[in-house]
Amino acid sequence: MGLGGCIILIGAGAILAFATDWHMDTVNVDLVGWIMMIVGIIGVCVYASVMRRRRMVVPPTTTVVSDDERRL
């Protein structure tokens, strides 16, 4: 799931938790909204940590040979 999917989960969960007043006998809509928001936040955190690892710049390990060493 990408960053966009996580943000959609957070938004849809917030709508279910705060902006609706539906009452169902079998499903607690507020709880479903909270669960969706929590899953979305966890997804954003995981996505951010994965992207941080990808962006690390590793210094090159090649050796530089100068002109003085080539003449020997």
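**Entry 1: Thr20**

I looked up Thr20 and found it buried, at 19% relative accessibility. My classes are: buried under 20% relative accessible area, exposed over 50%, partly exposed in between, with a 1.4 Å probe and protein chains only. The model is predicted, so I noted the limits: local features need pLDDT of at least 70, side-chain atom pairs need pLDDT 80 or more, and totals for chains, interfaces and linings use all residues. Residues are numbered from 1 along each chain as its sequence is written, and side-chain values use heavy atoms, without hydrogens or water.

Thr20 sits in the loop between H1 and H2. What does its side chain reach? I found the backbone oxygen of Leu16, at 2.8 Å. This is a polar contact (N or O atoms within 3.5 Å; within protein, one able to donate a hydrogen and the other to accept it, with sequence neighbours counted only if both atoms are side-chain atoms). I also checked Thr20 against Gly33: they are 13 residues apart in sequence, and their C-alpha atoms are 9.9 Å apart.

**Entry 2: overall fold**

I counted three helices and zero strands. From the N terminus, the order is α-α-α. Helices (H or I, at least four residues) and strands (E, at least two) are DSSP runs, numbered from the N terminus. Of the 72 residues, 15% are buried.

I took Ala19 next, in helix H1. Ala19 is exposed, at 61% relative accessibility. From Ala19 to Asp30 I read 11 residues in sequence and 9.5 Å in space, C-alpha to C-alpha.

Ile35 is in helix H2. Ile35 counts as partly exposed, because its relative accessibility is 46%.

**Entry 3: aromatic rings**

How many aromatic pairs does the structure hold? I found one. Phe18 and Trp34 form the pair, edge-to-face, with 5.4 Å centre to centre and 85° between the planes. The pair links distant parts of the chain: Phe18 is in helix H1 (residues 3-19) and Trp34 in helix H2, 16 residues apart. The rule I applied takes rings of Phe, Tyr and Trp (its six-membered ring) with centres within 6.5 Å; planes under 30 degrees apart are stacked, over 60 edge-to-face, the rest tilted.

Buried or exposed? I checked both partners. Phe18 is exposed, with a relative accessible area of 55%. Trp34 is partly exposed, at 43%.

**Entry 4: cysteines**

I searched for disulfides (cysteine sulfur atoms within 2.5 Å). The structure holds zero. Cys45 is in no disulfide either.

I then compared their surroundings. Cys6 is buried, with a relative accessible area of 1%. Cys45 is partly exposed, at 49%.

**Entry 5: nonpolar surface patch**

Which residues make a nonpolar surface patch of about 330 Å²? I listed Ile38, Ile42, Val46 and Val50. Patch members have over 30% relative accessible area and no salt bridge; like charges are joined within 9 Å, nonpolar side chains (Val, Leu, Ile, Met, Phe, Trp, Tyr) within 5 Å. A salt bridge is a Lys or Arg side-chain nitrogen within 4 Å of an Asp or Glu carboxyl oxygen. Areas are Shrake-Rupley values with a 1.4 Å probe; for residues, only the protein chains shown count as cover.

I looked up one member more fully. Ile38 lies in helix H2 (residues 29-54). Ile38 is partly exposed, with a relative accessible area of 48%.
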